[in-house]
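Biologist: Can you walk me through the side-chain contacts and the strand layout in this one? Here it is.

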Amino acid sequence: MEINNKKVLVIGDLMIDHYIYGDCNRISPEAPVPVVEVQREEQTLGGAGNVLQNLQAMGCYADIISIVGDDQEADFIQSELVNNGLLGNGLVRSKARCTTIKSRVLAAKHQLIRLDKENTELISSAEVEKFLPLLDSKIPLFDIILISDYNKGLLTKELLTQIFEKCKKHGKVTILDPKGLDFSKYRGVGIIKPNKKEAIMATGINIKDQESLKLACQKLQEITDCDHVIITLSEDGIAYFSHDVLNIIPTVAIDVVDVTGAGDTVLASLGIALANNNSLHDACAFANHAAAVVVNKVGSATATLEEIMNKETTLKS
């Protein structure tokens with residue numbers, strides 16, 4: 001796998017992942033719920049921010065375009081971006097929204113509950129207009145564009161159309177991690193990367209074997225007019241559909257601790273591999289190994305190039 005210093009731009013729903021770690025040894029006398037004795041807390045960038053952090057963990061220069069609220073959580077995101085060596089000038093602040101924060105309570109490596117604070121209303125046409133100068137200034141500077149949709153209202157059909165048009169104008173490949181049922185809004189993307197469940201819901205095709213998987217890929221290509229389809233299959237690995245040919249790369253994950261954020265790692269690793277002109281097959285194999293690294297960690301984890309290469313070496317030996 002040839003990996004050099006490439007620049008990757010992420011566009012998508014940025015949020016905060018808030019983790020509360022503690023011990024759970026008793027049930028509350030007030031209600032039949034566990035009592036967690038909090039030991040520590042941490043906050044990190046989540047959603048599209050996890051894609052960004054994966055790119056940086058792999059030694060790649062990356063930047064992000066997103067929308068946040070006009071609140072303390074947005075201040076935290078801004079400071080995290082600056083601490084990671086970015087200007088943080090790709091953020092649009094909106095007084096009409098709150099910054100998304102997902103709080104997870106974990107005890108003995110098990111997630112007990114998740115609390116979400118978010119606004120999922122679609123951004124307005126006026127807010128779309130605020131993104132156009134950012135797209136014009138940043139897209140030409142990057143080698144590949146990754147789009148991370150967490151269905152929080154940023155990636156409207158109107159904004160996506162602008163993104164795809166501007167990327168095609170500058171000859172930039174787009175890879176998109178989708179959400180929701182209506183994939184028609186993604187029409188014009190280069191590569192679409194749903195997981196198996198998302199592909200089933202978007203196409204109405206129950207994926208149960210290679211024949212139905214190929215039909216789903218063909219349907220996704222028809223809906224989005226994309227060049228290639230990549231579907232992550234959890235324990236069955238990763239499939240890619242290109243030039244009407246379906247290929248499946250078996251999983252290399254052995255110990256699965258937490259699948260949170262694995263899709264972000266796959267998106268990031270695909271972006272790095274394809275930006276470096278590797279084949280679609282090699283990019284998917286690289287992403288498969290990257291996913292095997294992060295599912296062995298707790299929370300929205302990242303994988304370094306060293307960890308991925310070590311995973312590949314271990315499996316070959």
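Modeller: Start with E42 and R40, which form a salt bridge whose closest N and O atoms are 3.2 Å apart. A salt bridge here is a side-chain nitrogen of Lys or Arg within 4 Å of a carboxyl oxygen of Asp or Glu. Note that this is a predicted model, where local features need pLDDT of at least 70 and side-chain atom pairs count only at pLDDT 80 or more, while totals for chains, interfaces and linings use all residues. Residues are numbered from 1 along each chain as its sequence is written, and side-chain values use heavy atoms, with hydrogens and water left out.

Biologist: What ring does the charged end of R40 sit over?

Modeller: The ring of Y21, 4.0 Å from its centre. The rule is that NZ of Lys or CZ of Arg is within 6 Å of the ring centre and within 35 degrees of the ring normal. K7 has its charged end over the ring of F142, 5.3 Å from the centre.

Biologist: How many salt bridges does the count come to?

Modeller: 14 by this rule. One of them joins K185 and D149, at 3.2 Å from N to O. K185 lies in the loop between β9 (173-177) and β10 (191-192), and D149 in the loop between β8 and α4 (157-169), so the pair ties together parts that are 36 residues apart in sequence. Helices (H or I, at least four residues) and strands (E, at least two) are DSSP runs, numbered from the N terminus.

Biologist: Where do K185 and D149 fall on accessibility, buried or exposed?

Modeller: K185 is buried, with a relative accessible area of 15%. D149 is buried as well, at 2%.

Biologist: Which salt bridge partner does E222 have?

Modeller: K219, with the closest N and O atoms 3.9 Å apart. Both residues lie in helix α6 (residues 210-224), three residues apart, which is about one turn of the helix. E222 is exposed at 54% relative accessibility, whereas K219 is partly exposed at 31%. Elsewhere, salt bridges that share partners join D70, D75, R93 and K95 into one network.

Biologist: Switching to rings. How many aromatic pairs are there?

Modeller: Three. Rings of Phe, Tyr and Trp (its six-membered ring) pair if their centres lie within 6.5 Å; planes under 30 degrees apart count as stacked, over 60 as edge-to-face and the rest as tilted. Y61 and F142 are a stacked pair, 6.2 Å centre to centre with 15 degrees between the planes.

Biologist: Where do Y61 and F142 lie?

Modeller: Y61 lies in strand β4 (residues 61-69) and F142 in the loop between α3 (125-138) and β8 (144-148), so the pair ties together parts that are 81 residues apart in sequence. Y61 is partly exposed at 36% relative accessibility, while F142 is buried at 4%. Another pair is F183 with Y186, which is edge-to-face: 5.3 Å centre to centre, 75 degrees between the planes. Both F183 and Y186 are buried.

Biologist: Now the sheet. What is the strand order?

Modeller: It is an open sheet of nine strands, β5-β4-β1-β8-β9-β10-β11-β12-β13, with mixed pairing. Two strands pair if DSSP finds at least two bridges between them.

Biologist: Which strands stand at the edges?

Modeller: β5 (91-94) and β13 (245-249), each with a single partner strand, so one side of each is left without a neighbour in the sheet. β4 and β5 run parallel and are joined by four bridges. In β5, L91 is the bridge partner of S66.

Biologist: Last one. Which residues form the nonpolar surface patch?

Modeller: L112, I113 and L115, with about 270 Å² of accessible area together. Areas come from the Shrake-Rupley method with a 1.4 Å probe, and for residues only the protein chains shown count as cover. Patches are made of residues with over 30% relative accessible area and no salt bridge; like charges are joined within 9 Å and nonpolar side chains (Val, Leu, Ile, Met, Phe, Trp, Tyr) within 5 Å. L112 lies in strand β7 (residues 110-117) and is partly exposed at 39%.

Conventions
Buried < 20%, exposed > 50% of the residue type's maximum accessible area, 1.4 Å probe, protein only.
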